Amino acid sequence: MEEYSANIVNGLFLILILAIMTGLLLPNIMVSWLIILLTTIAAGFLVLGYVVIPTEAKWLLVVAFPIEAGLLTVLRYYVLDWRFISKNWQDIRNYLKRYNGTLKMHTCYTANKIYSKVISNIKERPQLHLWMHVSCINVALG
């Protein structure tokens with residue numbers, strides 16, 4: 001690799017720091033628009049304008065931000081989110097035990113809890129003449 005001047009190396013270093021902060025902190029849609037906008041501006045100044053630096057350095061400066069910000073966004077959304085999921089695996093199991101996502105309904109576990117709570121309320125207040133109608137639906141998935 002060719003040695004570049006200190007200005008190019010410093011500029012590339014600052015671009016990489018900006019890409020790290022952008023890729024890890026901003027929402028995905030903002031990262032996409034920043035990549036499009038900043039790449040267009042960089043290409044306009046460096047490639048189409050008259051800047052006296054080597055062509056390889058120009059291209060390195062143009063592609064450094066989009067590549068790193070894009071990779072860090074992918075890393076954040078796919079790798080770090082999976083780590084969060086694995087950390088909360090027991091909570092996810094408990095939720096799935098109480099709620100059926102396919103039917104968008106509560107499962108038998110939650111229905112039994114609600115039923116027993118209502119029955120205890122009815123038994124505690126016999127003077128109110130409370131009653132409850134229960135319907136049970138059995139759905140075969142497959």
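User: Leaving aside its neighbours within four places in sequence, which residues is Thr73 in contact with?

Analyst: Contact means heavy atoms within 4.5 Å. Thr73 touches Gly23, Asn28 and Val31 in this sense, its neighbours within four places in sequence being left aside. The model is predicted: local features need pLDDT of at least 70, side-chain atom pairs count only at pLDDT 80 or more, and totals for chains, interfaces and linings use all residues. Residues are numbered from 1 along each chain as its sequence is written, and side-chain values use heavy atoms, with hydrogens and water left out.

User: Why does Thr73 count as buried?

Analyst: Buried means under 20% relative accessible area, exposed over 50%, and partly exposed in between (1.4 Å probe, protein chains only). Thr73 counts as buried because its relative accessibility is 5%. Thr73 lies in helix H3; helices are DSSP runs (H or I, at least four residues), numbered from the N terminus.

User: Which residues of H1 are buried?

Analyst: An α-helix has 3.6 residues a turn, so residues three or four places apart point the same way. In H1, the buried residues are Ile8, Leu12, Ala19, Thr22 and Gly23. They line one face of the helix, because they fall within an arc of 90° seen down its axis (the arc is that of the directions from the helix axis to the C-beta atoms). The face turned away from that buried side carries exposed residues: Ala6, Asn7, Phe13, Leu14 and Leu25.

User: With which residues is Glu68 in contact, leaving aside its neighbours within four places in sequence?

Analyst: Glu68, found in helix H3 (residues 55–87), is in contact with Leu16, Ala19 and Ile20, those sequence neighbours left aside.

Technical notes
Helices (H or I, at least four residues) and strands (E, at least two) are DSSP runs, numbered from the N terminus.
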